[in-house]
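Subject: Structure handover

Hello,

Here is the structure to go with your sequence. Some notes on what was found follow below it.

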Amino acid sequence: MIKVISFDLDSTLIDGTFDRILWDDAIPSLYAKEKDVSLDEAKMFVFSEYYKAEHQEKIHEWADITYWLKRLGIREKINTSEIEKFIKVYDDANTALSSLKKKHRLILSTLNSKETLEIKMKASGLSKYFDKTYCDDITGGKSVSKMDENLFLYIIEEEGVKPSEIVHIGDNPITDVSIPSTLGIRCILIDRKGKRKGEDIIHSLTELEEIL
């Protein structure tokens with residue numbers, strides 16, 4: 001029996017435009033201004049730092065805006081309100097969430113930091129559908145992240161359910177399928193480009209009610 005339906009956020013419920021502008025343009029532009037270097041030079045350095053933080057150092061704060069401004073020595077605060085208009089909810093998201101919420105407890109499980117999650121939820125208007133949101137965080141002195149099973153272990157404990165009573169929907173084959181499925185969570189992959197086919201693969205959120 002399904003007791004909890006978990007959703008990823010980026011590229012599942014909202015598209016990636018905001019993130020691309022924030023990480024690929026806004027922060028490198030601030031760095032170029034702060035250090036008086038060209039934008040190309042700034043991007044080369046900033047992108048290398050992103051890669052190092054996520055894949056080599058595997059730091060918890062790799063998706064945290066405040067962390068990056070400090071790490072890169074950027075004193076100017078980033079005005080995210082200028083790019084919040086680029087937070088776009090997929091057409092099928094509101095319809096699917098509204099219908100599913102009538103029958104199920106819905107939660108959000110995302111790689112976002114608390115800061116970026118707050119920005120996205122406020123701008124998207126999606127908060128009303130979710131009973132609780134879970135993001136990459138330090139809880140009780142321990143890192144909980146979708147990059148490993150810790151976030152999903154934390155969700156199981158907090159929700160007070162068995163792994164078999166949770167269904168998770170997301171777009172990433174690793175963080176949304178491979179990792180949670182090892183815990184016994186049923187995972188549904190959304191492939192909006194329609195390149196993948198198979199059991200528990202959907203191409204639109206409108207397919208969820210039927211597959212569940």
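Before the rest, the ground rules. This is a predicted model, in which local features need pLDDT of at least 70 and side-chain atom pairs count only at pLDDT 80 or more, while totals for chains, interfaces and linings use all residues. Residues are numbered from 1 along each chain as its sequence is written, and side-chain values use heavy atoms, with hydrogens and water left out. Helices (H or I, at least four residues) and strands (E, at least two) are DSSP runs, numbered from the N terminus.

Helix α1

Helix α1 covers residues 17–35, which is 19 residues. Buried means under 20% relative accessible area, exposed over 50%, and partly exposed in between (1.4 Å probe, protein chains only). After α1 comes Asp36, which has a positive phi, near 55°.

Strand β6

Five of the five residues of strand β6 (residues 166–170) are buried, so the strand is largely enclosed by the rest of the structure. Ile166, His168 and Gly170 point one way, and Val167 and Ile169 point the other way. β6 pairs in the parallel sense with β1 (residues 4–7) over four bridges, and likewise with β7 (residues 186–190) over four bridges; pairing requires at least two DSSP bridges between the strands. His168 is the bridge partner of Ser6, and Arg186 in β7 is that of Val167. From β6 the chain crosses through helix α7 (residues 173–181) to β7, a right-handed β-α-β crossover: with the strands pointing away from the viewer, the path from the first strand over the helix to the second runs clockwise.

Cysteines

There are zero disulfides in the structure, a disulfide being a pair of cysteine sulfur atoms within 2.5 Å. For Cys135, the nearest cysteine sulfur is that of Cys187, 19 Å away. Cys135 is buried, with a relative accessible area of 9%. Cys187 is buried as well, at 8%.

Regards

Methods: The expected span of a helix is 1.5 Å times one less than its number of residues.
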